[in-house]
2 protein chains.
Amino acid sequence: MKILEERIRQEGLILSDTVLKVDSFLNHQVDTQLVLQIGEEFGRIFGHQPVTKVLTVEASGIQFAMATGIALGVPFVYAKKKKAVTQSEEVYSAPVHSFTRHEDYQISISQKYLGPDDKVLIVDDFLATGAALVGLADIVNASGAELLGVGCVIEKSFQEGRSLLEERGIAVHSLARISSMSPGEIHFINHHTEETMKESAGC
Amino acid sequence: MKILEERIRQEGLILSDTVLKVDSFLNHQVDTQLVLQIGEEFGRIFGHQPVTKVLTVEASGIQFAMATGIALGVPFVYAKKKKAVTQSEEVYSAPVHSFTRHEDYQISISQKYLGPDDKVLIVDDFLATGAALVGLADIVNASGAELLGVGCVIEKSFQEGRSLLEERGIAVHSLARISSMSPGEIHFINHHTEETMKESAGC
């Protein structure tokens, strides 16, 4: 997604070979118009499938799930990271390790809001280690719902997240795929490169 | 907001005299169409003012800030509840006590995304004790930005939140104001009642 790559080049702060901050327009201060366009792009990519529900994890996935839900005309559900006092009913849950925050947590979704009749699209802001997304995929499996795909806004393609998801047979689409980065420099996998890589990998 | 009150009557789960769950349509599973309408309503109420930024706190305020930002054509910023590894710059912060989760936490916003040029509308899902909203108002003050008002989706008018905000001279607008509730029963302050109350209070 060209406009997204441009914004990342302009405003993204690359703190190291693995840490990219996009909090001026995506996940602290949020450019609502850009996020709406991101939702429309996910709608374009996944809209031919009968999605009944968009799924994400709090907090930074919420705006993208909202925009994608708007584009597809379906509700979204966000997994919670901690069991609240008011969340007393039965939940599906999965353990997740956060490499950013250096901590383990549980993500959970009420069993009332996910079940065998649902056809689910998972969206999130980043695909890096894939930890949260694998957890969400496990929750979808546990609920009996069908997982139609995973949509990520930014993918760090040099980390293992995509492989972990694809090994499980999950279709992954990311709107900006970073092949490598270091302070002052960032490279995206463009469509041509992507096709070349797929051909050389025999896909 | 009639349609919101109806959904609360139909789907809200009243667990006690103070605990209302709306997680089938507002803050776990989210009805994107209803939330868009909520954003438009905040746009209608506050749109005559020169709002430059919508402010909320993660996680359950995000979808409402997104919808309000869409309606007003401005970005939103969400306060974070914990300092992440990637949040290293200077922040404005305030302590908040959560009565729902029985814990204290810090909310913080990067100083890069709030300053003297900003005219801020705060939105959140619930106004009850007002703890998080007072924290956000303090952050706006510390930044030098102007606070134009607070918009809440659901107000528990029998708790002290509104008073705490109004004592600070803040204009508060809530879309559904609950005067009292108990399992199986809920009462809203309607416009007529509200006017009567204001008259008898001499406002």
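**Strand pairing, cores and the chain A–chain B interface**

Strand 3 of chain A (residues 29–30) pairs with strand 5 of chain B in the antiparallel sense, over two bridges. The model is predicted. Within this pairing, V30(A) has F76(B) as its bridge partner in strand 5 of chain B.

Strand 5 of chain B spans residues 76–79. Strand 5 also pairs with strand 4 of chain B (residues 53–57). Here the sense is parallel, and there are four bridges. F76(B) is again a bridge partner, this time of V54(B). Strand 4, helix 3 (residues 62–72) and strand 5 of chain B form a right-handed β-α-β unit.

The interface of the two chains was examined next. In chain A, 44 residues are in contact with 45 residues of chain B. The two chains bury about 3,800 Å² between them. Of this area, 58% lies on carbon and sulfur atoms. H28(A), M66(A) and Y113(A) supply 18% of the area that chain A buries against chain B, more than any other three residues.

In soluble globular proteins, nonpolar side chains tend to be buried together. The largest nonpolar core here holds 79 residues. The members that touch the most other members are L4, L26 and I38 of chain A and L4, L26 and I38 of chain B. Beyond residues up to four places away in sequence, I38(B) touches M1(B), L4(B), L26(B), F64(B), V153(B) and L175(B). Another core, of 29 residues, lies apart from the largest one. Its members include V77(A), I109(A), I122(A) and L133(A).

L114(A) sits in a loop of chain A, between strand 7 (103–110) and strand 8 (119–127). L114(A) has a relative accessible area of 4% and therefore counts as buried, the cut-off being under 20%. Neighbours within four places in sequence aside, L114(A) is in contact with K53(A), L55(A), Y92(A), I109(A), V120(A), I139(A), V140(A), S143(A) and A145(A). One of these contacts, S143(A), is 29 residues from L114(A) in sequence. In space, the C-alpha atoms of L114(A) and S143(A) are 6.1 Å apart.

Notes: Residues numbered from 1 in each chain as written. Chains lettered and ligands numbered in written order. Predicted model: local features only at pLDDT ≥ 70, side-chain atom pairs only at ≥ 80, totals over all residues. Heavy atoms only, no water. Buried < 20%, exposed > 50% of the residue type's maximum accessible area, 1.4 Å probe, protein only. Pairing = 2+ DSSP bridges. Right-handed = clockwise from strand over helix to strand, strands pointing away. Core = buried A, V, L, I, M, F, W, Y, C linked by side-chain atoms within 4.5 Å. Contact = heavy atoms within 4.5 Å. Buried area = accessible area lost by both parts, 1.4 Å probe.
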